[in-house]
Every structure is written in C-alpha cells, then in structure tokens.
Amino acid sequence: MRVPPPAPPAPTDEQLALRDTARALLSRECPPARVRAAWDEPAEAAAAPPAWVALARAGVVGMTAPERFGGGGLDAPDWALVMEEAGRAALPGPLLETTAVAIPLLAALGGDALCDRWLGGAAAGRAVLAVGLGGAPYVADAARAHLLVLEHAGEVHAVERAAVTLTAQPSVDGARRLARVAWQPSAATCLADGPRAAAQLAAAFDRGALAAAAQLVGVARHLIEATVDYAKVRTQFGRAIGSFQAVKHHLARAHVAIELAWPCVWRAAHAVAGAGADRAIAVSLAKARASAAALGAARAALQCHGAIGYSFEHDLHLWMKRAWTLAAAWGDAAWHTERVAALILDPTSQGPAHA
Amino acid sequence: MSEARAATGDAATDDAAFRAEARAWLRAHVPRHLPPMGSPEGFAAHVAWERALFDAGWAVPAWPARYGGRDATIAQWLIFEEEYYAAGGPPHVTQNGVSLLAPALFELGTDEQKDRLLRPMAAAEVLWAQGWSEPGAGSDLAAVRSTATRVDGGWRLHGQKTWSTRASFCHAMHGLFRTDPDAPRHKGLTYFLVPLDAPGVRVSGFRRLDGDLDFAEVFLDDVFVPDRDVVGAVGGGWKVAMATTGSERGMILRSPGRFLAAAQRLVELYRRARATASPLDRAAVARAWMDAQAYQHYTWQQAGKLAAGQSVAAESSVAKLAWSELDVAICDAALGVLGPRAELVEGAPDAVDDGAWIKAYQFALAGPIYAGTNEIQLNVVAERLLGLPRE
Ligand SMILES: Cc1cc2nc3c(=O)[nH]c(=O)nc-3n(C[C@H](O)[C@H](O)[C@H](O)COP(=O)(O)OP(=O)(O)OC[C@H]3O[C@@H](n4cnc5c(N)ncnc54)[C@H](O)[C@@H]3O)c2cc1C
C-alpha cells in the first residue's frame, strides 16, 4: 500500500495577496460591461484582450515565466488562485492558454533564441500566445495570438500567426474566440518530439485542465453569489424568493458541489507543481468536479432567476455560457472520469494512487 | 479534540511515524469478521474489540491522555481513521458516546463529569445511547415533550424516546428533556444523562430496515436523575445539543477514511467482476471513487482550518450532505456491478462478499435521514452559509 500524499498546505499570505491583487484589478478592468463588449469585438481584433495590459503590468500574465524574462517564476498553486479570479470575472481572452500552458511549455522546450524572442514579450503583455494541444479541434484566441504553440503527431511546434490560416468557429460564448487552424508543420517550426515532447505535452495538458477547473470554480462561485443576491431581493407571494425551500435547495446543492470541488482543484495544483505520480488522477478529479459544479451552478442560477436570467440583456448568461464552454474544454467531466477509471480500474493500471 | 499543533516539517515526520505505528498495530490486531452489532453476541464482540483498542491506546487517539487518548492532532486522527478502515476495522460501537456525547462534555461538561464519564466511555465500559428523537420530535427536535421535574437533589423524568440506536444493549442514555413548559421552545430544554437500568426505565428494541435489532424505544416513568447528571445549564439543553450536532454531522462522526476504504473495496469488486459489468457500471464505480477522494480533500481542508484556529460550524452540514450521498453512491455502484447477485444476503451460497454490499446499502440509505435529514442540512447551508432568509 502506497503512502497517501500529504494534504496540501493552506494558501500562503503571498498567494492570497496575489489573488487579491488579481481580484481587485479584474473588478476594475473587467466589469460585466467589458465582458459584454468583448462579444461585439470583431473576431480578428488586433487589440489586446480585456484587462490584458493591466494584468501584464501587475505581473499576472507573466507569472509563470522564468524571472530572467521578467516573469514571476510561479507555480500552479499560485496561479490556480488567480485563475479562479479570472473565472469569477468571466475574463475573456487567453490567460489560461498563455500563462498556464504556453509560457511554461516554451520555457521548457523553446531553446534560447525562441525564448528570447517570445517570453519577455509574453510576460510584458505584448505577445499573446495560443495553444492547440492533442485532440482539441479548435484553438481559442488564435486570431489575436502572435505565436501559436501547436501539437502535431506527438511533436510540439511553434508557429507565428502569419503562417497559419484560420477559420472562425463562433462559440455560444461570444467572448470566446475559437478557430480551426490550418498550418504546415516543418522542421523549422518543431520544438521537440519523442518522449521529451510527450512528457511536456502531458504536463501542459494537465496545466490547461487545472486552470480550466480553477476558472470554473470562480465562474460557479459568481453564479451562486449573484443568484443569492437576487433571491434576497426578488419577492413573490409577498416574500423574498430566497425564503422558499425549493430555491434554497437548488442553491445549497450548488454550493456544496463548489465547496467539494475547490479542495480538489487545490490538491491538483500541488500535484501539478510537485509533478508526482498522482498528477493525472488529481487533475482529472479536479476538472470533473469543477465542470459538474459549474454546470450545476449554471442550472441553479438560471432556474432561480426565472425569465430575467433567460434574457440576453441580463448579465447572467455571460457566466452561464462560460460555464458551459469551459466545462467542455480541456476534457469534460466524462472524459476525465474515464481517465480516472482507466487508471484505477484497468488491469494494467497501478490502482488508485492513494487509497 | 486536543489543541492542534501547527503544521511544520516536524509535524510531517511525526505524522508519517504516527501512520506507520497505527498501521502496524492495526494490521496485527483488527478482527477478521464480527457479527452485526444489533444482536447480543455481535454487540459483545464489538465491545470486546473496542476494549482491546482502548487498552492499546487507539480508541480515542485525539483525546487528552488523562481520558485515555494520546493527544493526537486532528491530522493524526484523520490518518488513524484512514488506517483503521483500510485495515478493515469495524464501525465503533462506542460511537454514540465518543462522537456525540463527548464533544458536548468537552465543551460544556464540568471537570467532575469529564473525569467520571470520559474514560469509561472510551474504554467501552459504559456504552451510551442517544435519546433525542421522540414520536413527535424528529427534524423538529425542539418539539420534545418528555419532561424533567425538579425534586430534592435532582430530577424526575417522564416520557418516551425513540429510534435510539442500540439502546437495548447500552448502559446509559444522553438526551433532551423539557424542564420548563412555559419557556419558549428552545429555552425550556435541559440535557440529561440517564442510566438505562434505573427504576422506571423500560427499553424495547425493534428492528431496522436490514432486520437487525438496532432501534429501541425508551420509556421513562418517574425516573430519578441526580443533579450531577445534568450537562450544561438548566434550560441550556439546546446549546448542549448544538455542541453535538457539529460533530454528528461532520467529520468527527464520518471521517473520510471509512469511505476511502469502501471505495477501495468497490474498485476491487469491479476488478473481480469486470467481465460482466457494463460501461455504465464502470462509470458509476469511477464516480463514486472520485466522490470519496473529493470528500477526503474537503475534510483535510476543513481540518487545516480547524488547526489554524478557524471555526467550521455550519460547514459540517456541507460535510454531512457529501458523506451521506457518497456512501449511497458507493453502494449503488457496487450493486450495479453485482447485477443479479446484488440481492443475495449473508448466508446465500452465491452471495459475493457474504452479502456485505446489500447490507451496506441498507445502512447507507439511513445516512440522508439520521444526524439531521439532508433536507434540513440544505436549509442550514442556505440560511447559515449563503445567508438566505428563513422561511
Ligand atoms: C438509522 C437511524 C438511527 C437513528 N439513531 C437515533 C438515535 O440513536 N437517537 C435519536 O434520538 N434518533 C435517532 N434517529 C432518528 C433521527 O434523528 C431522525 O430520523 C431524524 O431526526 C428525522 O426525524 P424523523 O425520522 O422523525 O423524520 P421527519 O422529521 O418526520 O421527516 C420526514 C421527512 O420530512 C422532511 N422534513 C421535515 N421537516 C422538514 C423541513 N422543515 N423542511 C424540509 N423537509 C422537512 C424530512 O427531511 C424527511 O424527508 C435515527 C434514525 C435512523 C434512520
């Protein structure tokens, strides 16, 4: 029997301070009106994504970059808390892709010339990075990316925007810019192949799934907080709808799911940072629970709002649609549950990593 | 629970040593199979095991040493629970004393009460039953009608308690009685300790869903209880009961170790039966296993908050909803895997694991009912954690 991993420590004061900085910055730079405005921007907009410059200036975009490129050299537990805030604000744009996935991938595989060329700019917010890994058919924010990090047949490639052809694939979440990417892999674009690429791709995918899980918790928390506020003021039958048990139970169940999801995300963040053998299980647990929690929160939020929540003019749908799309991205709950099933149940597997 | 030590590098080393020591002892001593608790011979067998645990210092690891514990931290207690159930340890027959009465005594009992009651409770010398529910008072606990009337040197108790787990095998009962019929509902209650062999007490066992003799009614007719067996203030019974509910709902009663072990047995069951299990069973097994992991991570986070001196009061309702539903999910998944053999009970020649899963399923179904129904817990979450208005 293997020794279970120790419980992760509580967030440090530095981690909480970074989170608070991000929260304050996002509430200033990315209010709901800004999220809504992102829906109307042309897909090929050259301008930086919402709050991008401010986030970069605060060290958030580059927090994963090595310090010699002006980055923070931070690891998953630090940025997971920030990703939660990005979800809470429904921040549009590729913070997840650039910061959690692409920067560490380039830093690991890029070589001096490529890192010199891109990482400083990415950390400073001048260069936006997009990623297309594994089976994902679409690349988010490809149109406004300067460099795309793409997987091809087990190899990692870095391709400049000018060298790819995009077909926009509009998403139900209008602030999410998806495109199919056509491009030509070549020796010049290839950063790594073989086992070295495979290990980095697996780690990059888990960082993406973890970041999505953290954002989903933030999205879900906002959905429930906003709905609780509404349920306190909307009256029917002469009393606040939040006093009705049916409404309470919708919201309480959603709250319980969120409360159980976050410790899984936090645990996964430490598994990603520690690169232990249980990383895949920890990440899949986090993403599966966070996806389900966010989808449940979206259902509860809409139901408890009634028709006002169903209207396009109300802000609720900005978060609801982010819940739908992020829940499906980076492996949905079913995909991650199956990944756990394969690891714990199949004959060749080592069994549960900790039980 | 004793003062938690701050997490340090040394604590990690201590915890690893603690785990190793617990594991070694448990592997060598946990009994293979005990008959169900709800029978005279099963109860006696569980009591004997509990005494062996106590003698080795493992019955109440997190209690102070003077009461028979070893001053373990919360983290160590969670580790012990993981090891206990992983080794196949049976549920604790002392539970309704150790997990339900003791937390209230630690918080509100007198030193005399603690010195007199805690050690025999942990040593399984005095077995305790919980006497809260009455025919007219279930979820609405403050509706209890059993009374206690002041007399010289103590009180005279009248009334009826029900659903009292294993009271027909226990020595004493702790519960709520109405001492002031004119006071507002929650204010007129007092918490009493009642010997079940006192004159005027009649205990009548009856069977649970699974057929075991685990329930009992307790009838009280002019039962004398001395003043020293009042817990907390006269009229302060509700406060004592609330000191219990936090632990009853939360991790003290149902730590993750129990469910991690059940989830592990589920994985092993699936591996044995995979040839006949469907893809939907497989998904249910994985999901239930993940539920147990999530509850573990949640509990460790809560334990960290406790160790840091934060209070986790209404959060115990979140825990209760989580553990009770995941327990049902684990059993549901197992029954799905077993298919046509799921209904076979202990003794059936073809029963897998001697019918343990259908037995466990029946007990799991009680989880959403006892310790405050899940509907009540959802109300608590909504009102106390989300701040929604009362009905
Ligand atoms: C296995 C088991 C062991 C037990 N052991 C003990 C014991 O040792 N000692 C003891 O004192 N008691 C014990 N109980 C009793 C337990 O505490 C009660 O069952 C519980 O408090 C619920 O009360 P009730 O059964 O009367 O259900 P009721 O309160 O009648 O509830 C019936 C249904 O109505 C719902 N309901 C009631 N009020 C509300 C409300 N305000 N809002 C929404 N829904 C509501 C409930 O959620 C439930 O679904 C045990 C019960 C079980 C099943």
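**View 1. The ligand sits between chains A and B.** This is a predicted model, in which local features need pLDDT of at least 70, side-chain atom pairs count only at pLDDT 80 or more, and totals for chains, interfaces and linings use all residues. Residues are numbered from 1 along each chain as its sequence is written, chains are lettered from A and ligands numbered from 1 in the order in which they are written, and side-chain values use heavy atoms, with hydrogens and water left out.

**View 2. The shell around the ligand holds 17 residues.** A residue belongs here if one of its heavy atoms lies within 4 Å of the ligand. Ser133(B), Ser139(B), Trp163(B), Thr165(B) and Thr373(B) come nearest. By class, seven shell residues are nonpolar, nine polar and one charged; Gly counts as polar, and Asp, Glu, Lys and Arg as charged. Helix H11 (residues 374-385) of chain B gives the largest share, three residues. Helices are DSSP runs (H or I, at least four residues), numbered from the N terminus.

**View 3. Polar contacts of the ligand (pairs of N or O atoms within 3.5 Å).** One ligand nitrogen atom is 2.7 Å from a side-chain N or O atom of Thr165(B). For Gln245(A), a side-chain N or O atom is 2.8 Å from a ligand nitrogen atom. Glu375(B) places a polar side-chain atom 2.7 Å from a ligand oxygen atom. The protein covers 67% of the 960 Å² of accessible area that the ligand has on its own (Shrake-Rupley method, 1.4 Å probe).

**View 4. Domain 2 (128-241) and domain 3 (250-385) of chain B each give at least three residues to the shell around the ligand.** The bounds come from an automatic or database domain assignment. Between the two domains, five residues of domain 2 contact six of domain 3 (heavy atoms within 4.5 Å). Domains 2 and 3 of chain B bury about 440 Å² between them, 52% of it on carbon and sulfur atoms. Buried area is the accessible area (1.4 Å probe) lost on being put together, summed over both parts.

Note on methods
Polar contact = N/O pair within 3.5 Å; in protein donor to acceptor, adjacent residues only side chain to side chain. Helix = DSSP H or I, 4+ residues; strand = E, 2+ residues; numbered from the N terminus. Buried area = accessible area lost by both parts, 1.4 Å probe.
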